[in-house]
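Biologist: Could you walk me through reading this structure? I'd like the general idea first, then the case in hand.
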Amino acid sequence: MTTPVDKAAARHANEAAIIALRPKGPPPRRGLPWGRFLHLFYCSLSYIFLLSPMIVVIGASLHGGEYYTAIKFPPDEPSFQWYWKIPGDQLRALGLSFLLAGATALGACVLGIPAALGIVRGKIPGKTFISTVFRAPLQIPAIVTGIAFLQMFYLVGDATGFYLQGTFWGLYMGHVFVATPYVVGTVTAILQRFDMRLEEAAFSLGANRWSTFRRVTLPVIKPGVYAGALYAFMVSFGDVPISIFLTAPGYVTYPIELFYGLENDFDPSILASASLVIFFCLIALLAMQKLVGLDTLLRSGSR
Amino acid sequence: MNTRWDLILLPSFVIIGILIVASQFIFLEGSFYKDLGLGRTGTDLQLTNYIRFFTDSFYLNTLWITVKTSGLATIFTLLLGFPVAYLIARMRSRWSMLLLAGIVVATFVTIVIKVFGLIIIFSADGLINKVLMGIGIVETPYTIIGNQTGVVVGLMHFTLGFGVLLLYSVIQTIPRSYEEAAQIHGASRWRMHYRVLLPLSLPGLTVGALMIFNMSMGAFTSAALLGGGRVFTLPVLIQRTVMMEVKYSMAGTLSAVLLVTVLLINLFSIILIRRLRSARLVIA
Amino acid sequence: MKHRLKLNRGLLGAAVLTLGVAFATSSTAGEFDGVTLKVATWGGSWKKNIETKIVPKFEAMGGQIEFVTGSPQSNLAKLIAARGKAPFDVMEVLDAQQKDFFVTNDFIQKIDTASMPNKQYLEDWQYNDWRIASWHTQESICYNRDKFKELGLPDPITYNDLSHPKLAGRLSIPDITSGGGLANVGAMAHAAGGNEANIGPGLEMIKRLNALKFWSRGGEVVTQLQSGDVYAAVVHSGWCVRARNAGANVMTAHPKIGSKVGVHKHGWLVIMKSSENVKAANWFLNEYNDADFQLEYARNSGVVPVNSKAISMLKSDPVLAEMLQLDPELIANELRVDYSKADISDWNDKWNRSVSGQ
């Protein structure tokens, strides 16, 4: 995915610096205080754009009224009552979504890491073709993947008697399919910067292949793996267009449960469970920051 | 060292390859049967559905709106996302992780829910309209619900998180020292961005832009929920065709057109960027 | 389907086990021991009503009810997708789906009306060998009284009254894919001089009304009615009742269409051909028409009962009596779209073309 990044970085670095050296026009106004201020202002606008709907959602989830069918913000008499009234279906769907997203992240790693290793290190013809194939699921529109998998499952089902639509594994296949390219991409990016002499050294010191991989290679590609897994998790957790075709009655992911649940009535407990997801993710991310250090987790670049 | 790296790639390649070929073949084939509705199709292979698509301005317009909204969403996501990604990537304090977490968490909330927040924010008596009408920018309340702007905003909410994360990792690969060198040698902030940062991140930016574009082309929730039932993108039409009318082969045709469009645009952009890049090298 | 059944059976086994433990103490062997009845219906308050009234009764008899949530249209898609083996036993269908369900009877099996004492409260046409009525809704105009007063507009009587320039961009009209979509398209076609075979005039009128949006999720309409985004919406009266309950000063207007007043949409219950829980399914159909349940439905969802006893009991509820048409004569004079004359696929196509240009 980021194959060209480094080459380009290397190629352009010097030229760019040199170009920048040539003084042109009026003397530079360095350290302009409001250049930075403008940047910060601009970024806060981005954040307002991104976060404001969520603030409304969290705020409205505190609505205190007995029963209502419309969203109200700011809420009258704040209360947590709707948090206790989240129906079992939503919790079950949330459980399935978390399980599915976790399993998808894992599956994407299992498929993606060897793929990345092979692409970067294998001495095989048609590498471009191979990496194109691994990138393809990203280029197929998600809704096309959904409907194509559905029809594939029918056909396979008619032939073998095993219908995969509406099963966990059918859903899982669809999700892993779209999530794998992310892991391939992030791990490939890291591997291309990786100094293979490290491995050779370990190998020559008598370590076997597996322990070389485990002790040397894995720690190095770890940030890429984490980043890829995070993407995979996010893709799976938020997916609607694939899941809408592959889920079955009584067996739906969280976004689909909401999509259909909201077709009829508005239920404030939906806002409550969505807020719970926000808090849960925030806590999970902060915990990961404390435990493994998110910075290293996502810092896939060399500095 | 003779580890056969090419061999360990094989299982993944076979699995992904089979899934691509099998799924795409079946639905592409299905799209060549005449659609009789309610899940029934004709038995002869023919081009009926495709002819219908390409001779009907309604379908062609739908395709155009899909490309347009996705393209706009991509541009605006990059415009909003790049400065944020740059800020986080270059921040030295612990706050950077909190900022990043904010982006990630926002991505975890599905648009199915966010749309309620957006309705409130953009409501006639809502904050934005009060401000806009207060300053006198608009006379009648402005809404994003039920028009293409809403669809673009929805798509941005869907892609911005991914965009920032991706750009973040791209900017990370550009050593800070280059920028410092440029600045020490007297380049202004804007010049540095334009002459150093942009060219260096261009390849990563292209990949990111295409990813965002592809995601938008395949997403239907935003258009379905924010389009107010009148913005028809191909994904919306596909979902309606399958879930409401149960016409599988017509949906297959719509999907095939969408797929080919996306692939062509990807191919075209990559070629274009390669051209641009070699041109730039010559100039430099 | 084998695979899925296996998975479900696992879940089910666990559920049955816990239930078994719970019931072992009370040890009342029920009529429906071990039966899981799957009901396809809408989510939200729709489902909640069944959960509060019917589910406890069924559980007391040893069974369990699971829900397949979705609109009747999307549930039909699931039915076709499952290729004959329906993923549910009982399904709510709309009158608009009559061609899909009642003309060929491909998907459904005969029901046992003899086992349904509650049918005595129904009219003769509301049940036969294949189906039984479940509720009806009154598709109407829900308008904000404060706003109309503020703008100096009279209370609306016909759809055409909504075409006032002051209401432009302040209306919400049902999308054709929403539950009331087809009923309203048909009604508007009649109101504009067309009919089921010619919906063009109706679509022209919708264009003229210049709606803010075509809604597909009722919760959004209520939110927008309350926030003041829309001044009037074409919805079934139940949504208007819910908007009133949410605090908006709204009122229903049952549109005058020729000599008819109001629009009637009918819901039906059917038992799927592949269902093996026939007895439980028939029991469910009867319970659905129980006066107590129908009353609950009406109060929470603003849906009009079909049970005549429940209808007359509703008259004592001030809000419902004000907003719904509860007199049998008024109900009988509501417009009923004749779907046997309609080509729904054509409607969908025409609708898409008409609204996408707006």
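Modeller: Happy to. Two strands pair if DSSP finds at least two bridges between them, and strands (E, at least two residues) and helices (H or I, at least four) are DSSP runs numbered from the N terminus. Here β5(C) and strand β9 (residues 250-253) of chain C pair in the antiparallel sense over 4 bridges. This is a predicted model: local features need pLDDT of at least 70, side-chain atom pairs count only at pLDDT 80 or more, and totals for chains, interfaces and linings use all residues. Residues are numbered from 1 along each chain as its sequence is written, while chains are lettered from A and ligands numbered from 1 in the order in which they are written.

Biologist: Which residue of β9(C) is the bridge partner of Cys142(C)?

Modeller: That is Thr252(C). Cys142(C) also stands opposite Ala233(C) in β8(C). Strand β8 (residues 232-236) of chain C runs antiparallel to β5(C), with 5 bridges joining them. Another antiparallel partner of β5(C) is β12(C), joined by 7 bridges; there Ile132(C) is paired with Leu269(C).

Biologist: Is strand β5 of chain C buried or exposed?

Modeller: A residue is buried if 20 or more other C-beta atoms lie within 10 Å of its own, exposed if 12 or fewer, and partly exposed in between, with C-beta atoms placed from the backbone. In β5 (residues 132-144) of chain C, 13 of the 13 residues are buried, so the strand is largely enclosed by the rest of the structure.

Biologist: How many residues of chain A are in contact with chain B?

Modeller: Contact means that the C-beta atoms of two residues, placed from the backbone, lie within 7 Å. By that rule, 95 residues of chain A touch 89 residues of chain B. Helix α2 (residues 33-60) of chain A gives the largest share of chain A's side, 14 residues.

Biologist: And what about helix α9 of chain A: what does it span?

Modeller: The expected span of a helix is 1.5 Å times one less than its number of residues. For 30 residues a straight helix would span 44 Å, but α9 (residues 209-238) of chain A spans only 38 Å between its end C-alpha atoms.

Biologist: Where does the kink in α9(A) lie?

Modeller: The bend at a residue is the angle between axes fitted to the seven residues ending there and the seven starting there. In α9(A), a kink of about 50° lies at Leu218(A), shortly before the proline Pro219(A).
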